[in-house]
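Hello,

Here is the structure I promised to pass on.

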Amino acid sequence: MIKLKVDLKDLKGSDVESLKKSFINHLVYSLAKDQYSATSLDLYQALSLTVRDMLIERWIETQQTYYEKDAKRVYYLSMEFLIGRSLGNALINLGLYENMAAALKDLGYDIDELREEEFDAGLGNGGLGRLAACFMDSMATLELPAYGYGIRYQFGIFAQHIEDGFQIEKPDNWLRYGNVWEIERPEYHYPVKFYGRVNKYRDSSNVMKTEWIDTVDIAAIAYDFPVPGYCNNTVNNMRLWSAASSQDFNFSYFNDGDYQKAVADKVNSETISKVLYPNDNALLGKELRLKQEYFFVSATLQDIIRRYKKTNKKFDAFPDKVAIQLNDTHPAIGIPELMRILMDNEGLQWDKAWEITEKTFGYTNHTILPEALEKWPVSLLGRLLPRHLSIIYDINDRFLKMIAKKFPGEPERIKRMSIIEESSDKKVRMAYLSIVGSHSVNGVAALHTEIIKTKIFKDFYDVWPEKFNNKTNGITQRRWLKLCNPQLSDLITKKIGGEWVKNLYDLKKLVPFAGDKIFREKWYKIKQANKQRLADYIEKHNHVKLNVNSLFSCQVKRIHEYKRQLLNALYLITLYTRIKTNPDREFVPRTAVIAGKAAPGYHLAKLIIKLINAIAEVVNSDPDVGDKLKVVFVENYSVSLAQIIIPAADLSEQISTAGNEASGTGNMKFALNGALTIGTLDGANIEIKEEVGHENIFIFGLNAAEVDELKNKGYNPWQYYNSNPELKKTLDLIKDGFFSKNKPRLFQPIIEALLYQGDRYLMLADFQSYLDCQERVNSVFLDKEKWREMSIINTAQIGKFSTDRTITDYAKEIWGAKAVPIKIG
């Protein structure tokens, strides 16, 4: 190690020597360690602080420029940001990876080993939060004045442990060693009010006023995360809120000796930002979740208005300077909150406040599952946020009067469209509130948008067709190719140049090389290296040795019935029985890799995880099977684990029931890394098929219209069970306890869901088509040159699915926001 003495003037350079000196400086002066006492965690932190230094000047200059230009700002409100690890992404976007790796190597350290010390920031459940993180990357890369707002959960999505095949949830204490990427901003703290009552009174001018009084207040404390753009000077801000008590403890209880009660308010207050999405099966869980939603929305709007008032005295220009995007309905309470602030605090009349609100908000819908469309009990909302409930009733009253005028004599339409669901337990339909209170409503894939226009929100589309639009989701190629698959990234760049990192459509230049046998061989070797990396990980963690020459079939996503991990499991059982029936037959060897977390309260999804692990236990220990089939459930799926699995996949399983997946983004990540897709015509699969060509994707099953037709005719799963011997045998093995010999009826709820409760997601209807399609997959996989050619074509034609394109469309068509380049020096 070099001498531990550094000149401050050497610390800003990005050359190898300057980076070495900066690293040593942080190790010694920030962490008080030397080469003898430093742990791996210390070394990671010194490395991260070195990289963070390179962001700070850009970060400050970015914010100053936005003020100087008085730019219109975009505010992206999301309950989830599934960030993953920040170090690698920052190195890529700063263009520092190679120099930093060389600097560390000179000092005797390996950059990849140090990157493993970082905890994933798992502040999201799945696609919704990961999309938000990709959006932040693209907004910075496109130099848009944008901010992300969410919650700084102390515990992210739970750590998943597999014990005896069952999912066990453990706390994900990702902040146990602090987080070098965040900067606490105690100067930005806001009171957030709950409970209390609404008081109407006349002021000195005899004008009727409304105030929300006798509230319980909680403090929201800001934590900022830098979000760098790729190879530019923009570093945008993601501000996450942490809850704190408005007072540390109650002295009266303290003086009386009741120490627990003295700090009870503090503990209760901080619960709000303690954990991502509590289980809301119980009333207390529902109340905490609603508190979380309002907590971050209230703090965010106060912050937005503070920033707006720095350069504006009146609110007439608010929609010209502020665009707020609701990432699903979780932040929808922001609509009545902005109305409350404008009317109660700023003195605006209803009509003006409503005009500003509607022009400011945009709403992105992410689901078409009726049970996933948020509804809050009126009783709960009225107790927790009484002023907001009164505003929602006023919004609804004005809205329904407009509907009655537009559609006279249609009381059923009025009932259908009411923001208040008039049932025995009245509820507020947050999706309806979002539509009424926004100037834009978008779906996230072409099929999804058609479904919300023609089915889910048809009544609203009839009123406001101009509000509805499609913004097909995407992914950031910086993380999902350049960072996670460096060998493939380098091969592509050497062949076509590096413009694809900022313009993914540039990958089309690879198309001519799909027919180049030498290029195909290089492509194949990189895939094999990635498969070996995954195989090594699985051998270490699952103690299963994989055949890297087998077909790696991967299904990694949140566990849910509509995503149909169960259909995959049924296929694997069928494969197993085929091998057992005829062990000497030639089989295309297959490795099935499945990963994902089930919601803690979703018992059937957790049972599906147990079934997959039970299948794996039987299959992987059967000598008749050997290398013909391996089944692996990889525990604790995360962004970092995805970065290992996705580059290794040969086949991407995107097999949801048609008409249920809004978009999906895993399908895009796999295709970008050269995996072929087997899937239904659902979500973005349809658009991927259009881009890569029907001959380069494996499509099976009913389409959305056929699903509806079958259900309307009267779907009978028993018909498929009785007419398909392989399906019957597969289900009977589950039913008779073959995979649960100690508890023969363990998987009975799965059988009941499929046969006795209507098979809601049509797994039995699509079973044979899925088997036939997998046979086509196997046939093509045997033709190695054909498979490699198709793999290259998939990567080459996936350019549409960059979040850079998605965000460009949002900025132009919804937000009216323009790029503001940042100049340094």
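Let me start with a strand pair: S4 (residues 146-151) and S11 (residues 235-245) run parallel to each other and share five bridges. Two strands count as paired if DSSP finds at least two bridges between them, and helices (H or I, at least four residues) and strands (E, at least two) are DSSP runs, numbered from the N terminus. Tyrosine 147 sits opposite asparagine 237 of S11.

Before going further, a word on the source: this is a predicted model, in which local features need pLDDT of at least 70 and side-chain atom pairs count only at pLDDT 80 or more, while totals for chains, interfaces and linings use all residues. Residues are numbered from 1 along each chain as its sequence is written, and side-chain values use heavy atoms, with hydrogens and water left out.

S4 and S11 belong to an open sheet of nine strands, ordered S7-S10-S11-S4-S1-S12-S13-S17-S18, with mixed pairing. S7 (183-194) and S18 (468-470) are the edge strands; each has a single partner, so one side of each has no neighbour in the sheet. On average, neighbouring strands here are turned by 25° against each other, direction ignored. Helix H2 (residues 40-69) lies across S1 (73-77), S4, S7, S10 (216-228) and S11, and runs at about 95° to S11. For such angles, axes are lines fitted to C-alpha atoms, for helices over the stretch in contact (heavy atoms within 4.5 Å), and angles run from 0 to 180 degrees between N-to-C directions.

There is also an open sheet of six strands, in the order S21-S20-S19-S22-S23-S24, and its pairing is parallel. Its edges are S21 (629-634) and S24 (698-699), each pairing on one side only. S20 (residues 590-595) pairs with S21 over six bridges in the parallel sense, and arginine 590 stands opposite leucine 629 of S21. Helix H23 (residues 565-581) packs on this sheet, touching S19 (551-556), S20, S21 and S22 (651-654), and its direction makes about 155° with that of S20.

Lysine 628 lies in the loop between helix H24 (603-620) and S21. With a relative accessible area of 24%, lysine 628 is partly exposed; buried means under 20%, exposed over 50%, and partly exposed in between (1.4 Å probe, protein chains only). Leaving out residues up to four places away in sequence, lysine 628 touches Ile579, Pro583, Arg585, Phe587, Val588, Pro589 and Arg590. One of these, proline 583, is 45 residues away in sequence and 9.5 Å away in space, C-alpha to C-alpha.

Finally, helix H32 (residues 763-782) packs against H33 at about 105°, with the axes 5 Å apart. That makes the two helices roughly perpendicular, a term for angles of 65 to 115 degrees. Val777, Val780, Phe781 and Leu782 in H32 meet Lys784, Lys786, Trp787 and Met790 in H33. Among the residues buried in H33 are Trp787 and Met790.

Best wishes

Definitions and conventions
Parallel < 35°, antiparallel > 145°, perpendicular 65-115°, else oblique.
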